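These are my notebook entries on one structure, written in the order in which I looked things up. The entries begin with strand pairing and then turn to helices and loops.

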Amino acid sequence: MLKLYQFERTWNIPNLSPFCCKIETYLRMADIDYEIKPTLPFGAPKGKLPYIEDNGFALGDSRFIISHLKSAYKDLDQGLHDTELATSLAMQRLLEEHLFWVALYSRWQYTDENWQTNKKAIFGRLPPIIRDIVASGWRKKIKRQIVGHGTGRHLAEEIFTLGKQDMDALSAGLSNKLYFLGDQPTTLDASAFGLLVNIIGCPIESPLKEYGLSQDNLVNYVDRIRRAYYSDLTAV
Ligand SMILES: N[C@@H](CCC(=O)N[C@@H](CS)C(=O)NCC(=O)O)C(=O)O
């Protein structure tokens, strides 16, 4: 059976990583059997989670994983037209290559309170002696990534202004539809749910979360996907 390597479940959401949550959501939406292997990214093929193991090979990065799932199992985007596929790709890039960095900043850099919550969720199971050393080294690395991406060079207020623009675009793109591209879930929904539940549904406080919670269609969308695909998770 396909194995999904991802962070331990926490915060009453499917996963604290938007990308892990994206893959598990795709698997559930496509009704593909899988087994979860909770882990940290140390041994991951690309040094990041998620990755999968399927038929004896390991594959990292949610985009390549979904390509594999589409060809080996089920393509959730099969019925989409070219313009819908273009919208799907552009929205996924907005989510994963832009809004994600605002969420990452909120967790690792914005306030000490958020950092402590994040640290406990990710590193809480490590032995106490090494926990703080690993967590602070990792935090330095992630902060360098946030600066390297460019997001970390702005003021907090500017970062959240950029994030709110993305939330507005998502809210307008979803409008009053069940899913982003109609009444059936597609890859874009796996990606959008993965990040949105990690912005509005977890205990990381920020102006981005507050803004997301004020957009009813996004809140209802996240609740709807939770109920439709994660009814087995208690309190999820
Ligand atoms: N492009 C990758 C991004 C994966 C990613 O950024 N994973 C994060 C967790 S959300 C990670 O494992 N980071 C560890 C690190 O950067 O050291 C994908 O689509 O899977």
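How many bridges join strand β1 to strand β3, and do they run parallel or antiparallel? I find three bridges between β1 (residues 2-6) and β3 (residues 51-54), and the two strands run antiparallel. I take helices (H or I, at least four residues) and strands (E, at least two) as DSSP runs numbered from the N terminus, and I call two strands paired if DSSP finds at least two bridges between them.

Before going on, I note that this is a predicted model, in which local features need pLDDT of at least 70 and side-chain atom pairs count only at pLDDT 80 or more, while totals for chains, interfaces and linings use all residues. Residues are numbered from 1 along each chain as its sequence is written, and side-chain values use heavy atoms, with hydrogens and water left out.

**Entry: the sheet**

I looked up the strand order and found four strands in an open sheet, β2-β1-β3-β4, with mixed pairing. β2 (34-38) and β4 (57-60) stand at the edges with a single partner strand each, so one side of each is left without a neighbour in the sheet. Neighbouring strands are turned by 25° against each other on average, direction ignored; for such angles, axes are lines fitted to C-alpha atoms, for helices over the stretch in contact, and angles run from 0 to 180 degrees between N-to-C directions.

I then followed Ile 52 of β3, which has Leu 4 opposite it and also stands opposite Leu 59 in β4. Four bridges join β3 to β4, and these strands run antiparallel. They form a hairpin with two residues between them, and Asn 55 in the turn has a positive phi of about 50°.

**Entry: helices on the sheet**

Helix α1 (residues 18-29) lies across β1 and β2 and runs at about 155° to β1, whereas helix α2 (residues 62-72) lies across β1, β3 and β4 and runs at about 130° to β4.

**Entry: α7 and its two partners**

What is the angle between helix α7 and helix α9? I read about 110° for α7 (residues 187-200) and α9 (residues 216-229), whose axes are 10 Å apart. The two are therefore roughly perpendicular to each other, on a scale where angles under 35 degrees count as roughly parallel, over 145 as roughly antiparallel, 65 to 115 as roughly perpendicular and the rest as oblique. α7 passes α9 in a left-handed crossing, a term that applies if the near helix is turned anticlockwise from the far one by less than a right angle, with right-handed used if clockwise. Among the residues that meet here are Phe 193 and Leu 196 of α7 and Tyr 221 and Ile 225 of α9. By class, this contact has 10 nonpolar, no polar and two charged residues; Ala, Val, Leu, Ile, Met, Phe, Trp, Tyr, Cys and Pro count as nonpolar, Asp, Glu, Lys and Arg as charged, and the others, Gly among them, as polar.

I then turned to α1 and α7, whose axes come within 8 Å and cross at roughly 135°, which makes α1 oblique to α7. Their crossing is right-handed. The residues in contact include Cys 21, Tyr 26 and Met 29 in α1 and Phe 193, Gly 194 and Asn 198 in α7, and the contact divides into eight nonpolar, five polar and two charged residues.

**Entry: loops**

Is Ser 17 buried or exposed? Ser 17, in the loop between β1 and α1, counts as buried at 6% relative accessibility, where buried means under 20% relative accessible area, exposed over 50% and partly exposed in between (1.4 Å probe, protein chains only). Leaving aside neighbours within four places in sequence, Ser 17 is in contact with Phe 7, Leu 49 and Asn 198.

Leu 49 is also joined to Pro 50 by a cis peptide bond, with omega about 5°, and I place Pro 50 in the loop between β2 and β3.

Lastly, I checked positive phi values in residues other than glycine. Asp 61 has phi near 85°, sits in the loop between β4 and α2, and is partly exposed, with a relative accessible area of 22%. Ser 175 has phi of about 50°, is found in the loop between α6 (156-174) and α7, and is partly exposed at 36%.

Definitions and conventions
Contact = heavy atoms within 4.5 Å.
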